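Here are my notes on the model you sent.

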Amino acid sequence: MQSLIDHARTFHQKVGGREQAATPQDAVAPQAMFVTCSDAHVIPSLITGARPGELVELRTAGNVIPPYRLGRLTAEAATIEYAVNILGVQDVIICGHTRCGAVQGRVRSSTLRSAPTTRWWLLQTHRWREAPALTDEEAARAHLVAQLDKLRRYPRMARRLASGRLRLHGWFYEVETGVVSHYRPETGGFTPL
Ligand SMILES: [Zn+2]
């Protein structure tokens, strides 16, 4: 922890006031929204090379998106709405990854005995059937596709996707190699970006 504090303490010297000097008129419009897992190995700005201001992030355990329910307030729905309606984001990336503890916990729920809230979250928001024959990586890719399906059912997303004003991308990040692949709905498979 101390190294993190030390870095934060001197961070302003490294950026040299560049961000602080920016006026709203200078601000970079976000290029995309990046939805991914809270896992510490998945760093959206490193993967994409995004500079400050370019990427709106939404991070949840297992990059889970809850199913849309009219009248139900969730942090995910509010964050998506703000990014799309207010910031005008036109591309939304949802990115799964290898070695995802949340996916492993969903496949083998005994691993989440000491995390009942996490288990409830995954059970409530992830309706894909148990598939014990899948490898962890196959399960993580199937899990990503399930989140894509839920995301495109959010009404505002659905309308903008239908009108071509919004693009939805499913990415899968291999933490061991750094390789990123892209989900192809037309084949149901993944190909390198
Ligand atoms: Zn994860």
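1. Start with β4. This strand is mostly covered, with six of its seven residues buried. Please keep in mind throughout that the model is predicted.

2. What does β4 pair with? On one side, β3 and β4 run parallel and share seven bridges. Val 92 has Leu 168 of β4 as its bridge partner. β4 is also joined to β5, residues 180–184, by three bridges, and these two strands run antiparallel. Here Phe 172 has Ser 181 of β5 as its bridge partner.

3. The β4–β5 hairpin has six residues between its strands. Gly 178 takes a positive phi there, near 85°.

4. β5 goes on to pair with β6. That pairing is antiparallel and has four bridges. Ser 181 stands opposite Pro 192 of β6.

5. Now the whole sheet. Six strands form an open sheet in the order β2-β1-β3-β4-β5-β6, and the pairing is mixed. From one strand to the next, the twist averages 30°. α7 packs on this sheet and touches β3, β4, β5 and β6. The direction of α7 makes about 165° with that of β4.

6. For the overall layout, the protein chain has eight helices and six strands. From the N terminus, the elements run α-α-β-α-β-α-β-α-α-α-α-β-β-β. The chain has 193 residues, of which 38% count as buried. Among contacts with a separation of 6 or more, 61% are between residues 24 or more positions apart.

7. Which residues have the most contacts inside the largest nonpolar core? They are Met 33, Ile 65, Ile 80, Val 92, Leu 151 and Met 157, in a core of 32 residues. The elements that give two or more residues to this core include the strands β1 (32–37), β2 (55–60), β3 (91–97) and β4 (167–173). The helices that do so are α4 (75–86), α5 (101–107), α6 (116–125) and α7 (136–151). α7 gives the most, with six residues. Apart from this core lies another, of ten residues, including Val 42, Ala 50, Ile 93 and Tyr 173.

8. Met 157 deserves a look of its own. Leaving aside neighbours within four places in sequence, Met 157 is in contact with Ile 80, Val 84, Val 92, Leu 151, Leu 166 and Leu 168. Two of these, Val 92 and Leu 168, are the bridge partners of point 2.

9. Next, the zinc ion. Its protein donors are Cys 37 (SG), His 97 (NE2) and Cys 100 (SG), at 2.0 to 2.2 Å. The donor residues are spaced C-x59-H-x2-C in sequence. Cys 37 lies in strand β1 and Cys 100 in the loop between β3 and α5, so this pair ties together parts 63 residues apart in sequence. Both Cys 37 and Cys 100 are buried. For Cys 100, the relative accessibility is 3%.

10. Cys 95 is buried, at 0% relative accessible area.

11. Finally, please look at Asn 63, in the loop between β2 and α4. Is Asn 63 buried or exposed? Its relative accessible area is 1%, so Asn 63 counts as buried, the cut-off being under 20%. Leaving aside neighbours within four places in sequence, Asn 63 is in contact with Thr 36, Cys 37, Ile 94, Cys 95, Gly 96, His 97, His 143 and Gln 147. Two of these contacts, Cys 37 and His 97, are zinc donors. The C-alpha atoms of Asn 63 and His 97 are separated by 9.2 Å, and the two residues are 34 apart along the chain.

Key. Residues numbered from 1 in each chain as written. Predicted model: local features only at pLDDT ≥ 70, side-chain atom pairs only at ≥ 80, totals over all residues. Heavy atoms only, no water. Core = buried A, V, L, I, M, F, W, Y, C linked by side-chain atoms within 4.5 Å. Buried < 20%, exposed > 50% of the residue type's maximum accessible area, 1.4 Å probe, protein only. Contact = heavy atoms within 4.5 Å. Donors = N, O, S within 2.8 Å, 3.2 Å for Na, K, Ca; no water. Pairing = 2+ DSSP bridges. Axes fitted to C-alpha atoms, helices over the stretch in contact; angles between N-to-C directions.
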